[in-house]
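Have the model open beside the text.

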Amino acid sequence: MNSPPSPSGAEHTDRSSIRLGALVPLTRPGWVEAGRHLLAGLDLAVREVNDAGGIDGRPLELVVRDTAADPERAAAAVDELAHLGVAAVVGEYHSVVARAAAARADALGVPFLCSSAVLDALTEEPTEWVARLAPAQSHGWRIYADFLLRAGRRRIAVATQPSVYWASGTCVLRDHLAPRGGTVLELDATLTPEALCDALVDHGATALLLLVGHPEPAVPIVRAVRGDRRLAEILIGAPAGQPEFAEWAAALGEDGAGIPFLRYLPERLGPLGERVGKELRERLGEAPSFVAFEGWDTVAVLAEVLRSHGTDRAAVAESWPRVAVEGTRGPIRFSRTPGVGVWQWTWTPVQVVDRDPAEPHRFRILHAG
C-alpha cells in the first residue's frame, strides 16, 4: 500500500517530524467522496499546525493509507503505520473498517482517534487506546427515530443489505420505535426496485429508510419509489447520510431532494467553524460536509494532546479523559458512555436535514438533538 501524494505537498523528510497515520477511503468500493472530505480536513489542520510552528518546533507529518472500505486492508495499514513509528492513527469513515482498525490498534498499543465511524461496538471490549469524535450510532439514530415519530411516520420499512452496521441501525430503530407505537419492517435490498415498491404498498409503509450502499442500490431504489404513484406520500429517508454529498445530487437531481439524513453540525458554526469552513470550501471546490470538519477536529485534538503530553503512545492514550479542545463544532471532551467501549465525545451536535426540493443544493434543518 503506497501513500498517495499529500494534497498540501506537506510530506516531510525531516527525521524530527511527528508522524500521524491517516486511514481514509480513497478508492472504490470505499465512499470516495467522504474520504476526500475527511482527508481535506485532516490535511488542512496539519498544514495550520505546521504553519504555527508545529509541535514544540517539530512538524506534523500525515502518512496516508487508503482503506478502500476493506477491513483487512485497514488492519494491515495499522500494522505498517505502527512499524513506521506513528504517534497515533486517525481517520476512517466506514464503521466496519474502523472496527478492524480499532481492534488492531488496541492489540498493538497504538492510539487511534476515530474521526467518522459511528458503530457503537467499535471494539469488542473496553479499551484505553481508542477515542472517537463521531457520535455513537445509537445516539444519532434515536434522534432520527424521534424525527420520524414527530413527522407522524410510524410504519417504517427499511431496505437493508447484510452488514453489522445496517443490522445495528435496524435494531436501534426498532428498539426506540416499538415502545412508542412504531413498527419496523425489513426488506431485502436484493429485491428488484419494482418488487420493493409492491412490498411497501402491501404493508402500508409510511416511510422507507435506505440502509444500503450508494450509488448501488440506493439510486435505483429512489428512482423507482419516486416514480411510483402509489407511493407519492411515502417519506424516503437515509439516516446514514448518503444525500450529504454532491454526487448524490448529481446522480438523482430533484429525486434526491426531500430525503432526510443525519449530519453532525450545529445550527450555526462559531467563528472557528466559519473560518475552517471557508478554508475547506476553497480546498474542496464545494461546500464542506460534516466529515471534513470531523477531519479538522481530529488533528486539533491530537495536536493539543501532543503539545501537552508528548509523543509517547501510552501518554497519548492516557490523555483522552483530560482532553479539552475547542473544535469547529463545539468544545470537545471525552468520557465513558454505557455500551461504548472507547473514549467518546458526548456529544457532537446532531441534525436531521434534507436537500430542499425547491433548491436541491441547499440544506434544510428538520430536527435537532
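Buried means under 20% relative accessible area, exposed means over 50%, and partly exposed lies in between (1.4 Å probe, protein chains only). This is a predicted model: local features need pLDDT of at least 70, side-chain atom pairs count only at pLDDT 80 or more, and totals for chains, interfaces and linings use all residues. Residues are numbered from 1 along each chain as its sequence is written, and side-chain values use heavy atoms, with hydrogens and water left out.

Start with the charges. A salt bridge here is a side-chain nitrogen of Lys or Arg within 4 Å of a carboxyl oxygen of Asp or Glu. The structure holds 18 of these salt bridges. Helices (H or I, at least four residues) and strands (E, at least two) are DSSP runs, numbered from the N terminus.

Take arginine 28 and glutamate 247. They form a salt bridge, and their closest N and O atoms are 3.3 Å apart. Arginine 28 sits in the loop between strand E1 (18-24) and helix H1 (32-51), and glutamate 247 sits in helix H8 (residues 246-252), so the pair ties together parts that are 219 residues apart in sequence. Arginine 28 is partly exposed at 47% relative accessibility. Glutamate 247 is partly exposed too, at 21%.

Next come arginine 104 and aspartate 79. Their side chains meet in a salt bridge at 2.7 Å, N to O. Arginine 104 belongs to helix H3 (residues 95-108) and aspartate 79 to helix H2 (residues 71-83); the pair links distant parts of the chain, 25 residues apart. Arginine 104 has 30% relative accessibility and counts as partly exposed. Aspartate 79 is partly exposed as well, with 32%.

Now look at aspartate 66. Its salt bridge partner is arginine 73, with the closest N and O atoms 3.6 Å apart. Is aspartate 66 buried or exposed? At 9% relative accessibility, aspartate 66 is buried. Arginine 73, at 30%, is partly exposed. Elsewhere, Asp198, Asp228 and Arg230 are linked in a network of salt bridges.

Turn to the cysteines. A disulfide is a covalent bond between the sulfur atoms of two cysteines. The criterion applied is a pair of cysteine sulfur atoms within 2.5 Å. How many disulfides does a search of the whole structure find? It finds 0. Cysteine 114 is buried, at 0% relative accessibility. Cysteine 171 is partly exposed, at 43%.

Now the helix pairs. Axes are lines fitted to C-alpha atoms, for helices over the stretch in contact, and angles run from 0 to 180 degrees between N-to-C directions. Angles under 35 degrees count as roughly parallel, over 145 as roughly antiparallel, 65 to 115 as roughly perpendicular, and the rest as oblique. Contact means heavy atoms within 4.5 Å.

The axes of helix H4 (residues 137-150) and helix H5 (residues 164-177) come within 9 Å and cross at roughly 50°. H4 and H5 are therefore oblique to each other. The contact residues include Trp141, Ala145 and Leu149 of H4, and Trp166, Leu173 and Leu177 of H5.

The axes of H9 and helix H10 (residues 290-309) come within 10 Å and cross at roughly 115°. H9 and H10 are therefore roughly perpendicular. Leu272, Gly273, Arg275, Val276, Gly277, Leu280 and Leu284 in H9 meet Ala292, Phe293 and Trp296 in H10. H1 and H9 pack at an angle of about 120°, with axes 10 Å apart. H1 and H9 are therefore oblique. Among the residues in that contact are Ala40 and Leu44 of H1, and Val276 and Leu280 of H9.

Finish at helix H7 (residues 218-226). Ala218, Val219, Ile221, Val222, Ala224 and Val225 are buried there. These residues pack against strand E6 (155-160), helix H6 (193-202), strand E8 (207-211), strand E9 (235-237) and H8. Leucine 235 is found in strand E9. Leucine 235 is buried, with a relative accessible area of 12%. From leucine 208 it is 27 residues away in sequence and 6.2 Å away in space, C-alpha to C-alpha. Not counting residues up to four places away in sequence, leucine 235 touches Phe147, Leu148, Arg153, Thr206, Ala207, Leu208, Gly258 and Pro260.
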